[in-house]
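This briefing sets out selected features of the structure shown below, grouped by topic.

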Amino acid sequence: MSNKTTVGSVLVVGGGITGMQSALDMAESGYYVYLIEESPAIGGVMAQLDKTFPTNDCSM
Amino acid sequence: MDKCIACGTCAEKCPAKTTDAFNEGLAKRKAIYVPYAQAVPLKYAIDKNRCIYFQKGKCRACEKFCPTNAINFDDKEKDITLTVGSVILTAGFTPFNPDRFDNYQHAKFPNVVTSMEFERILSAGGPFGGHIHRLSDGQEPRKIAWLQCVGSRDLNRCDNEYCSSVCCMYAIKESVIAKEHLGADFEPAIFFMDMRTHGKDFEKYYERAKSQGVRFIRSRVHTITETDASGTLNLVYVTESGERVSEEFDMVVLSVGMEPAASAMEAAKTLGVELNPYHFVKTSDMTPVSTSREGIFVAGALQGPKDIPQSVVEASAAACSAGIHLASARGTLVKEKTFPAEQSVQDDAPRIGVFVCNCGINIGGIADVPAVAAYARELGNVVFTEEPLFACSQDAQEKMVEIIREQKLNRVVVAACTPRTHEPLFQETIRNAGLNAYLFEMANIRNQCTWVHSAEKEKATEKAKDLVRMAVQRANILEPIPDLSVGVNKSALIVGGGIAGMTAAISLADQGFAASIVEKSSSLGGAARDVLHTWRGENIQEHLKKLVDRVSNHPQITVFTQSEIVDASGFVGNFETRVKTGTEIHAIQHGVVIVATGGQASVTDEYLYGKHPAVTRWHDLEQNPELLTGVGSVVFIQCVGSRNDQRPYCSRICCTSSVYQAIDIKEKHPDTDVFILYRDIRTFGEREVLYKKAREKGVVFIRYSLNKKPVVTEAADGLDVRVFDPILQKELIIHADRVNLATAIEPSPNEDIAALYKLPVNAEKFFMEAHAKLRPVDFASDGLFVCGIAHYPKSIDESIAQAMAAAGRAATVLARTSIQISPLVSQVNRDLCIGCGLCTDICPFGAIIQEEVDGKGFKAKNISASCKGCGLCASSCPKKAIDMLHFRDAQILAAVCAAA
């Protein structure tokens with residue numbers, strides 16, 4: 001790896017809760033992030049849920 | 001896309017309707033749409049397959065009515081080539097589709113819905129506004145049955161032999177929420193095989209559901225029929241005692257499992273990443289987010305079925321792994337956004353500009369916007385007003401910057417929608433004009449005015465004037481608040497030298513950050529030293545040895561063994577911890593803290609443990625294989641000290657561990673009889689495969705309940721174990737040569753660490769994360785993180801993932817030279833402060849301390865970097881000596897008085 005030039009960017013495939021967290025963590029630690037999502041909005045399955053267990057917090 | 005202001009006119013005018021996938025097909029949407037109200041980006045998109053123009057060549061209604069010319073029919077799909085250093089795959093799962101199986105009747109009966117459909121039915125933002133009703137006739141259901149393991153743990157029908165991990169909990173949640181909606185006489189019932197509530201605080205949730213009247217029936221329903229034309233359903237099942245029962249329900253919810261998303265599998269294949277037999281991305285327990293290709297990482301349900309917190313943990317772990325991979329290029333492709341220098345406004349009289357937004361017709365169609373603007377123009381210090389059609393549109397924003405400069409405005413009020421979504425945008429706009437962000441005020445004349453008073457136009461106009469007057473009076477005395485930033489010491493202190501602590505240390509050190517490990521005992525390794533294999537059969541001791549070697553020799557890591565923390569102070573970026581080794585004290589400066597204090601298997605006095613040599617626990621047999629030679633029978637007893645009143649939680653890993661060991665015994669000693677006495681087998685996720693394998697190998701599983709626990713007595717040549725078998729409805733006596741107990745996992749003593757860093761623990765003494773779902777490794781206070789068993793019992797692969805996640809989260813702090821903090825913090829007026837200390841006691845973040853001032857006694861002092869701006873201190877201060885910046889009493893009162 002040291003012989004090549006490392007590119008300081010990352011591609012995150014999927015904009016659900018996991019992809020968003022990865023993207024935020026990467027961006028906040030100094031890397032350029034491309035986040036790709038097939039639907040018109042990020043949020044994934046979690047956005048479809050009503051509440052979350054075990055706290056009954058609103059999922060949205 | 002920049003031009004779209006999400007006014008919704010296009011969707012209103014669009015004549016083409018189609019199925020709304022976001023609402024699981026329970027509603028219709030237009031061909032131009034946003035998937036849901038809170039969508040990000042909040043921009044309308046055209047569904048090409050449904051758009052009349054794209055399908056038939058004419059219509060373009062959206063284009064005609066769009067007020068900002070945001071529709072572009074010429075926009076084409078295009079290929080984009082990206083050059084990146086790393087890839088993280090997080091493309092998730094698809095809920096199992098039960099339509100292909102006739103026994104569930106989902107495709108045929110309207111009152112059989114999937115759990116995803118039921119989520120939308122429950123949701124206040126869903127197609128029925130949260131009103132639960134039957135799809136057949138709109139009646140409120142009185143009885144609903146949930147059917148577990150639909151598309152999971154099922155080789156006969158669907159080939160998904162794994163457990164989907166989340167369905168037991170979401171079914172309980174749906175039943176409890178449904179009961180909240182439908183009232184006390186609503187009867188929910190859950191049909192299950194094993195109740196798998198193995199996560200943090202899940203067991204308590206399960207017990208609470210039972211007490212709230214949720215019925216749990218251990219059976220698989222074999223037949224669903226419709227009893228009448230209204231769609232009422234009849235379920236036939238057999239109880240554990242063999243009785244055939246036929247029962248009517250108004251609705252059935254199928255708890256569908258998880259399958260890898262087809263497009264995700266496709267993407268993984270394209271990238272040349274190996275999949276496991278269930279088509280999830282293959283990983284190793286020691287590198288839980290690494291795929292078979294270097295530089296490509298995976299997180300979330302694409303790696304295997306899991307819940308949200310575990311997905312979020314892996315997301316941060318993958319970011320950590322990618323961070324290690326790209327460490328040499330950190331910061332090379334990012335740049336900070338810059339703003340023009342802020343103009344000083346302190347000495348100038350207020351010059352307020354008021355922008356009254358029409359929001360299309362949302363506001364302007366109801367309130368008399370020109371009248372509101374004219375009214376505002378007459379208020380003191382208001383020097384300019386305007387009535388944009390959409391204040392948030394890109395051109396309106398650019399114009400606002402010009403106006404601020406031309407009119408020399410030094411305060412800006414926007415009367416429009418909600419600050420929740422739009423305040424940051426306007427704050428950025430005024431910063432672009434050289435004003436401090438906090439010289440901005442918003443009046444919500446849409447959500448809180450025209451939307452709720454649409455039938456009373458004149459009153460709405462009057463109320464809008466009131467709201468604008470309040471905002472202007474507050475704006476008069478707004479003050480610029482300077483940015484708040486603190487420097488960062490780029491090193492970590494890690495409490496605990498087990499597998500979690502060491503993994504966190506090495507993950508930071510490999511990214512170039514220094515780490516100190518403080519370990520109480522004389523050597524590194526922790527609880528993992530007792531475990532030989534992971535549940536996938538990987539060798540832990542080999543990995544542990546390599547890890548200890550790397551940690552001990554890494555130039556960026558300092559290890560303090562036989563050491564304890566005696567004092568800690570500071571805040572994010574700037575902690576100081578004093579470590580005592582023998583008689584020596586080391587003062588360590590560091591920017592973050594990672595707590596990895598671990599846990600251990602508890603000791604019990606049940607089942608003759610400690611009284612009879614043939615009774616062992618956990619890994620005793622594995623570690624001493626000679627104990628198994630010539631042995632006729634081994635009995636494992638599960639839940640010893642877990643899931644009871646004393647420890648109302650599931651220890652999560654014991655079922656898998658005992659099942660793994662049972663298989664091992666059967667393979668090495670096929671003639672030995674192996675029994676597992678359990679309450680629910682919780683081999684969640686792909687661990688289920690071990691359960692199946694154990695049964696195939698002849699391991700006998702016998703369920704017991706808390707009120708009929710097994711009894712172990714000494715016999716002439718070994719032990720007798722008595723247990724009531726619920727299938728045979730008889731008590732069995734098993735003669736056992738060995739009895740091995742899966743005792744509860746408990747956290748290591750951690751009161752001192754919790755007190756020193758002001759960290760919360762739950763009732764069972766596990767450390768409490770900031771948010772059960774979304775922040776599973778962060779503490780509520782910035783710069784402090786948790787991982788491993790200190791957080792909750794977990795397997796080695798999960799501990800490693802969480803340790804990497806903690807390192808990933810810590811890197812978001814350590815990567816900076818300074819951290820911007822919200823400057824909306826509390827401020828003490830020391831002249832008024834009497835040093836009573838109430839504020840210090842009440843502050844949950846340790847952000848206000850008492851400091852001795854020469855000749856004046858104690859005075860409160862703010863630690864702004866730790867302050868979250870909650871205002872508890874200000875409201876508790878008996879002398880009103882504390883104010884919250886931007887929300888000073890005087891500023892709030894100005895608005896209140898203006899309303900009076």
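In this predicted model, one of the sheets of chain B is an open one of three strands, ordered β11-β12-β13 and paired in the antiparallel sense. The edges of that sheet are taken by β11 (223–226) and β13 (244–249) of chain B, and because each has a single partner strand, one side of each is left without a neighbour in the sheet. From one strand to the next, the twist averages 25°.

**Strand pairing within chain B**

- In the antiparallel sheet, β11(B) is joined to strand β12 (residues 233–238) of chain B by four bridges, and Glu226(B) stands opposite Leu233(B) of β12(B).
- Elsewhere in chain B, strand β32 (residues 673–678) and strand β33 (residues 700–703) run parallel and are joined by four bridges; Leu677(B) has Ile702(B) of β33(B) as its bridge partner.
- Together with helix α18 (residues 688–696) of chain B, the strands β32(B) and β33(B) make a β-α-β unit, and this unit is right-handed.

**Contact between chains A and B**

- The contact between the two chains involves 44 residues of chain A and 64 residues of chain B.
- On the side of chain A that touches chain B, the elements that give two or more residues are β1 (9–13), α1 (17–28), β2 (32–36) and β3 (51–52) of chain A, and the largest share, eight residues, comes from α1(A).
- Sorted by class, the side of chain A that touches chain B has 20 nonpolar, 18 polar and six charged residues.
- Strand pairing also links the chains: β1(A) pairs with strand β5 (residues 86–89) of chain B in the parallel sense, over four bridges, and Val10(A) stands opposite Ser86(B) of β5(B).

**Packing of α14 and α15 in chain B**

- Two packed helices are described by the angle between their axes and the distance between the axes.
- Helix α14 (residues 499–509) of chain B packs with helix α15 (residues 540–553) of chain B at an angle of about 50°, their axes being 10 Å apart, and α14(B) is therefore oblique to α15(B).
- The crossing in which α14(B) passes α15(B) is left-handed.
- From α14(B), the contact is made by Ile499(B), Met502(B), Ala505(B) and Ile506(B), while α15(B) contributes Leu544(B), Leu547(B), Arg550(B) and Val551(B).
- By class, this contact of α14(B) with α15(B) has seven nonpolar residues, one charged residue and no polar residues.

**Packing of α10 and α11 in chain B**

- Helix α10 (residues 394–406) of chain B and helix α11 (residues 419–432) of chain B have axes that come within 9 Å and cross at roughly 45°, so that α10(B) is oblique to α11(B).
- The crossing of α10(B) and α11(B) is right-handed.
- In this contact, α10(B) is represented by Gln397(B), Met400(B), Val401(B) and Ile404(B), and α11(B) by Thr429(B), Ile430(B) and Asn432(B).
- By class, the contact of α10(B) with α11(B) has four nonpolar and three polar residues, with no charged residues.

Note on methods: Residues numbered from 1 in each chain as written. Chains lettered and ligands numbered in written order. Predicted model: local features only at pLDDT ≥ 70, side-chain atom pairs only at ≥ 80, totals over all residues. Pairing = 2+ DSSP bridges. Right-handed = clockwise from strand over helix to strand, strands pointing away. Axes fitted to C-alpha atoms, helices over the stretch in contact; angles between N-to-C directions. Contact = placed C-beta atoms within 7 Å. Nonpolar A, V, L, I, M, F, W, Y, C, P; charged D, E, K, R; others polar. Parallel < 35°, antiparallel > 145°, perpendicular 65-115°, else oblique. Left-handed = near helix turned anticlockwise from the far one by under 90°.
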